[in-house]
Amino acid sequence: MKLIVYILLSLLFLSTSRSLNIQSSYFANEINLTTLDKVDFFITDKPNIDSLINWEESLLASDLIYPNFYGYPYLVDINPYNAGTWDTLDNGDRLWRLNIICPDANSINMVFENFELGKYSKICFFSIDKDFLLGPYDNSINNDSKIFSTHLVKGQSIILELYISKEEVIRSNFNISKIIYGYKDALTVIKYDKTSDNDYLSSSGNCQIDANCPEGYSFCREKLSV
């Protein structure tokens, strides 16, 4: 499947981000919640950007066909049961949060494996400055591959928040397998030059869906709007 849906929807979300009145949570008020400065965090290293740029330049000089890179992937194994902070709300619902920090990054995005949300669970991702939100997503994003990739969240620090209702029967499960440190501004990288043979839109991972394929039927409206 092609990479076009991932790219187009990333642009769509970047262009439609909205100002949010978020303090420490999206799903709950601030009563009896751990404050953000006390929420568990995970910090990546800062990649050697000069080396990455030099590597890209060497690829360019070799005349190889390759995608335009914007981020460096860190391989991790993070899940709600080995990291993050849990809170139990007054009504019995539960909230898990984790602050992911990529020092000086332009953006952050993640790849999840073994991803499965329960019927009454929701997950969202918001910037630490409370100006950008992805989600909330419910179990409609579950898929057979159990792989989920987020869109880009601008900035160097984001909050993951998982809400689990006390009515939940099936335990939500996932592990973050990659954190992508955006060392370039994605808005200057996600582009397509029709005069170039470097058609990086033709390559993708097996979790990425082309809007023109049957699996992309639910993205028809987004495709036309973009």
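**View 1. Surroundings of leucine 160 in the predicted model.** Leaving out residues up to four places away in sequence, leucine 160 touches Trp96, Arg97, Leu98, Ile100, Met110, Phe112, Cys124, Phe125 and Ile176; contact means heavy atoms within 4.5 Å. This is a predicted model, in which local features need pLDDT of at least 70 and side-chain atom pairs count only at pLDDT 80 or more, while totals for chains, interfaces and linings use all residues. Residues are numbered from 1 along each chain as its sequence is written, and side-chain values use heavy atoms, without hydrogens and water.

**View 2. The largest nonpolar core.** A nonpolar core is a set of buried Ala, Val, Leu, Ile, Met, Phe, Trp, Tyr and Cys residues joined through side-chain atoms within 4.5 Å. The largest one holds 32 residues, of which Ile100, Met110, Phe112, Phe125, Leu160, Ile176 and Ile179 touch the most other members. Two or more residues each come from strands including E4 (94–101), E5 (107–116), E10 (157–164) and E11 (173–182); strands (E, at least two residues) are DSSP runs numbered from the N terminus. Another core, of six residues, lies apart from it and includes Leu36, Val39, Cys124 and Leu133.

View 3. Cysteine 102 is buried because its relative accessibility is 0%; buried means under 20% relative accessible area, exposed over 50%, and partly exposed in between (1.4 Å probe, protein chains only). Cysteine 124 is likewise buried, at 0%. The structure holds zero disulfides, a disulfide being a pair of cysteine sulfur atoms within 2.5 Å.

**View 4. Lysine 154 in strand E9.** Strand E9 spans residues 153–154. Lysine 154 counts as partly exposed because its relative accessibility is 44%. Beyond its neighbours within four places in sequence, lysine 154 contacts Asn106, Ser107, Ser127 and Asp185. The C-alpha atoms of lysine 154 and serine 127 are 7.1 Å apart, with the two residues 27 residues apart along the chain.

How values were computed. Helix = DSSP H or I, 4+ residues; strand = E, 2+ residues; numbered from the N terminus.
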